[in-house]
Amino acid sequence: MISKSSKIYVAGHRGMVGSATVRKLQKEGFNNLIFKTSEELDLRNQSLVDQFIADETPEIIIDAAAIVGGIWANNEYPFKFLMDNMQIQNNLINAAVKNKVENFIFLGSSCIYPRDAQQPLKEDYLLTSSLESTNQWYALAKITGVKLIEAARKIYGYNYVSLMPTNLYGPNDNFDPMTSHVLPGMITKFHNAKVKNENTVTLWGDGTPLREFLNVNDLAKAIFFCINNNLHDSLYNVGSDDEVSIKQLAEIVKDIIGYQGKIIWDSSFPNGTPRKKLDSSRLNKLGWTTEIKLIDGIRSTYEFFLTQI
Ligand SMILES: NC(=O)c1ccc[n+]([C@@H]2O[C@H](COP(=O)([O-])OP(=O)(O)OC[C@H]3O[C@@H](n4cnc5c(N)ncnc54)[C@H](OP(=O)(O)O)[C@@H]3O)[C@@H](O)[C@H]2O)c1
């Protein structure tokens, strides 16, 4: 049984998901959390990871460590997105199994599903056809993690779960317009254009793709829900009902920031998957639901952004 003194290792605690998870656990009174920065423990190194897990023997591991980025970053660093992500997650899962850690939450992403799968995406659609080419490196790495979690659960009977969140945003996001995801990238672009009095903002693609957005604090609630319940499946989608086109998203962000100029869509950049909507009913049926509406979440994320510049 999990208690407030259970030792929980949150890997990637300085990142957007890791820090939201730590805030949630601390708010709920969990007082035995352990962390390491990537400088202190490089999760790509299996022997260091084995030693750390053997020394610390956590009851629960939450793996929020990964190399994360949008279309540009995936395209620019395919080897890193595939290799580092496989090493980080698989070293951790391997060390957890070797050291009989019974609870593991692995974070993947909705891009593990085939590009042309039926929408909304159900967990069962995994590996039914080809991946979207722009993020195949990252997706393939994450799929190996999903399968290791499934196999560890099957063979050892441990409470190992993979959570596949949709597009996330919130405090501690990466706001660098080159390497970020679409929403934080827009916040930076509109904000910079506003303060520099620029007449136009150029956004990538043609604005038609549909995307679902989940506030990272709602994901932290889902993680908390999963460590407190014995789940029967190994894979759960974590989405929201906040689905908008990239064009609509741009208008919302522009409005919240108060930018008065014009948006130019640069179609020489790829759009990515036309639609990516998760079916989260598997987790919803067990009792987890979202609380934060997209507009409120973007407002508070912009407030966070303003504290960082
Ligand atoms: N962002 C999204 O929209 C999104 C959507 C769906 C799923 N997810 C998933 O959620 C998880 C977390 O994403 P995020 O957005 O929170 O990422 P993030 O903000 O970039 O944080 C990633 C963390 O990973 C750690 N890390 C990277 N390489 C490492 C290494 N070699 N050794 C140890 N730690 C390492 C970093 O630690 P240091 O800070 O110590 O360097 C960093 O804190 C990922 O698995 C991602 O796939 C994210």
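Analyst: A residue is called buried when its relative accessible area is under 20%. Please note that this model is predicted.

User: How many residues of strand β8 are buried?

Analyst: Strand β8 spans residues 210-215, and five of its six residues are buried, so the strand is largely enclosed by the rest of the structure.

User: Which strands are joined to β8 by bridges?

Analyst: Two strands pair if at least two bridges are found between them. Strand β6 (residues 167-169) runs parallel to β8 and is joined to it by three bridges, with Leu168 opposite Leu214. Strand β10 (residues 243-245) is antiparallel to β8, again with three bridges; there, Val244 is the bridge partner of Arg211. Strand β12 (residues 275-276) is parallel to β8 through two bridges, and Arg275 of β12 faces Leu210.

User: In what order do the six strands of the open sheet lie?

Analyst: The order is β2-β1-β3-β4-β5-β9, with parallel pairing. Strands β2 (33-34) and β9 (235-238) each have a single partner strand and stand at the edges, so one side of each lacks a neighbour in the sheet.

User: Where does helix α1 pack?

Analyst: Helix α1 (residues 16-27) packs on this sheet, where it touches β1 (8-11), β2, β3 and β4. The direction of the helix makes about 155° with that of β1.

User: How many bridges pair β3 with β4?

Analyst: Four bridges pair β3 (residues 60-63) with β4 (residues 103-107) in the parallel sense. Within this pair, Ile60 stands opposite Asn103 of β4.

Terms used
Residues are numbered from 1 along each chain as its sequence is written. This is a predicted model: local features need pLDDT of at least 70, side-chain atom pairs count only at pLDDT 80 or more; totals for chains, interfaces and linings use all residues. Side-chain values use heavy atoms; hydrogens and water are left out. Contact means heavy atoms within 4.5 Å. Axes are lines fitted to C-alpha atoms, for helices over the stretch in contact, and angles run from 0 to 180 degrees between N-to-C directions. Buried means under 20% relative accessible area, exposed over 50%, partly exposed in between (1.4 Å probe, protein chains only).
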